[in-house]
Amino acid sequence: MKQHHRLLMGFVLGVLGGLLGFYLLPARDHAVMTRITEVFTFVGAVFLRLIFMVVVPLILSALMLGVMELGKGRGLGRVAGKSLLYTILLSGLAVLIAIFTTHLFKPGVGLVFDRAALAGNSGVLKLQESVKTVTAKPWYQYLVDLLPQNPIDSAARAFSGEIVALMVFALFFGWALSTVIKEDDHPLVRCLEATFQACLKIIDLAMILAPFAIFGMVFNTAYRMGAGFLGNVAYYAAVVVLGLALQFFVVYGFFLKVVAKTSPWEFWKACRDLFLYAFSTASSNATLPMSLETAELVLKLPPKISRFVLTVGATANQNGTALFEGVTVLFLAQVYGVDLSLGQQLLVVLMSVLAGIGTAGVPGGSLPLIVVLLTQVGIPAEGIGLILGVDRFLDMCRTTLNVAGDLVIAKLVSVGAEEVDARTEDGPAT
């Protein structure tokens with residue numbers, strides 16, 4: 001059986017098993033189901049730990065190697081510029097889709113809920129507390145924090161908010177190496193390449209466990225959610241999914257077809273394993289190792305470009321998150337009857353794009369930024385509690401779009417790269 005068939009089988013069986021457990025066993029066999037979900041949690045945790053433990057060495061080696069190659073060929077500025085351009089363009093289109101769909105379908109109009117109970121929701125209180133901690137810093141501190149004082153400490157705390165600082169260090173160090181290392185077989189280059197390949201070998205090992213881990217994680221998610229997804233925010237969730245689908249099939253498909261001269265369906269087909277994996281884990285960072293492997297071995301993208309774009313994009317390019325945040329803010333504005341002016345809606349667009357760029361690539365990483373957005377436009381922050389019940393499912397959906405967006409941008413940036421390299425090798429025209 002092919003790998004994507006095993007992953008798909010694990011996913012489908014996980015959904016069916018979780019829903020059956022939710023409806024048939026929650027009360028009668030609660031103790032038994034608790035043990036079963038604990039076993040599935042263990043299997044999923046082992047799988048994710050195998051992936052996460054190589055993220056830091058993979059980021060360092062991939063970014064340094066990519067930047068070194070780009071720096072030697074004087075292509076760093078061109079690749080970085082095109083990556084930033086496509087990131088802003090695609091994120092902006094995603095938020096515009098969010099505004100259009102939310103205004104068209106009005107998912108928050110007429111929603112009835114208990115405001116007092118919502119304000120005391122423990123999940124809401126924790127989010128508000130974390131937002132207070134973040135917003136207490138002056139504006140310039142955010143820029144200063146991008147430069148790690150101790151890269152080793154940033155690596156140790158990569159999944160506690162320091163992963164962007166670690167990437168910045170790798171970018172600077174890779175550029176510096178490109179200026180001092182001239183030979184291709186330098187020992188440090190060979191060491192970084194060996195580190196990168198070793199990380200991919202560990203990913204191959206983890207993928208043996210992947211079908212069982214995906215089954216367990218999806219089972220637990222379906223078992224916890226059950227019919228809860230069919231509550232009064234189902235319409236809102238459907239609008240988010242519709243917006244994500246428009247971005248995925250229409251926007252990405254257009255750029256692949258017109259700019260990259262590539263069949264979107266062939267592109268999606270080649271990446272199906274990766275998309276299913278991204279959906280199951282709901283983490284761009286956890287999916288990064290497999291994204292790099294897919295880009296180089298399946299899509300055959302230039303390694304120096306794919307390593308740079310995908311590694312930075314795992315944190316900086318979050319189209320799905322930007323769209324989700326736009327829909328959520330406008331949805332909650334409708335729920336509370338807050339009539340946003342044109343200027344406030346433009347602020348939502350801008351902040352959603354920026355928040356998408358700065359969102360941590362881990363499950364639930366966008367929620368604190370949504371709270372900040374809500375306070376900026378005068379919407380009660382406790383409204384975030386309305387979506388907590390379906391956020392896990394929507395996180396899975398938007399992570400898939402985020403990962404797809406990274407690959408699309410890597411493909412777009414790679415267009416014409418071979419011709420540019422050939423002209424560079426031939427020397428300047430006379």
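A salt bridge here is a side-chain nitrogen of Lys or Arg within 4 Å of a carboxyl oxygen of Asp or Glu. This is a predicted model, where local features need pLDDT of at least 70 and side-chain atom pairs count only at pLDDT 80 or more, while totals for chains, interfaces and linings use all residues. Residues are numbered from 1 along each chain as its sequence is written, and side-chain values use heavy atoms, leaving out hydrogens and water.

**View 1. Asp-153 pairs up with Arg-157 in a salt bridge.** The closest N and O atoms sit 2.8 Å apart. Asp-153 comes out as partly exposed at 33% relative accessibility (buried means under 20% relative accessible area, exposed over 50%, partly exposed in between, with a 1.4 Å probe and protein chains only). Arg-157 is partly exposed too, at 37%.

**View 2. Arg-35 and Glu-38 join side chains in a salt bridge.** The N to O distance is 3.7 Å. Both belong to helix α2 (residues 30–52), three residues apart, so about one helical turn separates them. Helices are DSSP runs (H or I, at least four residues), numbered from the N terminus. Arg-35 is exposed at 52%, whereas Glu-38 is partly exposed at 44%.

**View 3. Arg-307 reaches Glu-193 through a salt bridge.** Their closest N and O atoms are 3.2 Å apart. Arg-307 lies in helix α15 (residues 303–316) and Glu-193 in helix α10 (residues 187–225), so this pair ties together parts 114 residues apart in sequence. Arg-307 is buried at 7%, but Glu-193 is partly exposed at 26%.

**View 4. Glu-296 joins Glu-193 and Arg-307 in a network of salt bridges.** Across the structure, there are five salt bridges.

Technical notes. Helix = DSSP H or I, 4+ residues; strand = E, 2+ residues; numbered from the N terminus.
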